[in-house]
Amino acid sequence: MMPPPHRRTVPVLALLTAAALLAGCASADPAQDADDVAAAAGVAHGASKEEYLAAFEDVEEITLITQLGGAEGSISNVSKEAYMDAVTEWSGGRITFEVAYGNGIVMDPTEGDNALADGRLDLNFAVGAGFEPDVYPYNRLLSDAGFLTAYGPSGATALTGFMMQVMADNDVFYQEWEDAGVHILAPTHNGILSAIFILACSDDYANSAAGISGRIAAVGSAANQAQAGGLGLTPVTLPWTEVYEGLQRGVVDCYVTPLSAIQSASLDPLIPFASADTDVAFANIPTALAFGKDRWDELPLVARQLLFDRMDVLFTTAWTEDFGGAGEMLAKLESHGGGLVPFEADARAALRAANEKLLADMAARGLDGVDVDRFVEIADEWQDRIAEYGLPQGDLAEYLRGTAPTPADFDAILDALFTEFLADRRPAA
């Protein structure tokens, strides 16, 4: 069989077999010895690079198969590649990843979970309940609720915290994925480019409800459809491959989308007039870092711990490197005579009303054990935490013209994520 296109091998993780661990060891109870060795192979959270390297000395090499949506070198891949490189480095080269660029293994996002369950992919950075709302009703509810936090300069960071806290409060969200053969490490890991959805249009009416009323907008989810309708837009669903032509031919006037989609499809000349608000947001489709459950369970303890611990690199790189990519997209929009501006009062009020109706509809789904009012409380808590951590709030375009953030800016929030909401999820013997 020919390999998928655009695939290359980069440094990655190693798999330790029980036979290798037990070689040269004699015991009356081999099963107990195996358990002891596996426990000894683990390290504590916060372990140094040297401690990890020592723990990997006897681990045999393994290769993890994954894919990335962007072409090799795309800014949309930066945080994922940084994560993989960190895992490889900290494992002493015992862990390597085989990467298919341009989603060279699974093109259809609705197949991303199946590919993990059946072994076509070992890990996937782009599994999302929003792609299959009927298959994952609980996680679809959480995905739809992303509009509660995904706005303003720190919306991507707040969204990550919000989703992790909700999932830590109720195991039903993790369990729904596990039942499908998928092990979730992080429910979302995107930065500004992908987490914050905007309204981008072909002419200078994007920020006013009066201006956009009656215009036709391409949308990607049922929640976006409801929000666009609330703004007075006529929402239509177009396949991703048809959006460019639809905008070019004037079939649609606007697009509810993240900046990353505008970037990857070179849509900026067609829809340079964009709007995003400081305190009200469109629903997005958060994507998770996920493993095939069977593949995850067979990895040695230290490997699973390293893959878990180095999510700090994934998060901080997304939150910092996306700043530059989003700034570049803003400059491109402005070069075409447009830009990124807040909504005017009428559009802000209309979107807020649409979101309130969305919340009511979510509560009406009546999923056992899920309290949508608690979602709102947690979202409010995260806005307070963003201020407490000193992360920026306010106008998104103004933020992107300022000083780039550094990883140190996120130390406090990373500590909170790992100690408060992920500690019980860290692999242990």
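Trainee: Leaving aside its neighbours within four places in sequence, which residues is Met311 in contact with?

Mentor: This is a predicted model, to start with. In it, Met311 touches Tyr83, Leu185, Ala186, Leu289, Phe418 and Leu422, neighbours within four places in sequence aside.

Trainee: What core does Met311 sit in?

Mentor: The largest nonpolar core, which has 88 residues. Met311 is among those with the most contacts inside that core, along with Tyr83, Phe162, Leu307 and Phe375.

Trainee: Which helix gives the largest share of this core?

Mentor: Helix H7, residues 155-169. H7 supplies eight residues.

Trainee: And how many residues are in the second core?

Mentor: That separate core has 27 residues. Ile192, Leu267, Ile271 and Leu330 are included.

Trainee: Switching to the sheet. In what order do the three strands come?

Mentor: S4-S11-S5, in an open sheet. The pairing is antiparallel.

Trainee: Which are the edge strands?

Mentor: Strand S4 (123-127) and strand S5 (182-186). Each pairs on one side only.

Trainee: What about twist?

Mentor: From one strand to the next, the twist averages 35°.

Trainee: How many bridges join S5 to S11?

Mentor: Four, and the two strands run antiparallel. S11 covers residues 288-292.

Trainee: What angle does the direction of H16 make with that of S5?

Mentor: About 60°.

Methods. Residues numbered from 1 in each chain as written. Predicted model: local features only at pLDDT ≥ 70, side-chain atom pairs only at ≥ 80, totals over all residues. Heavy atoms only, no water. Core = buried A, V, L, I, M, F, W, Y, C linked by side-chain atoms within 4.5 Å. Buried < 20%, exposed > 50% of the residue type's maximum accessible area, 1.4 Å probe, protein only. Contact = heavy atoms within 4.5 Å. Pairing = 2+ DSSP bridges. Axes fitted to C-alpha atoms, helices over the stretch in contact; angles between N-to-C directions.
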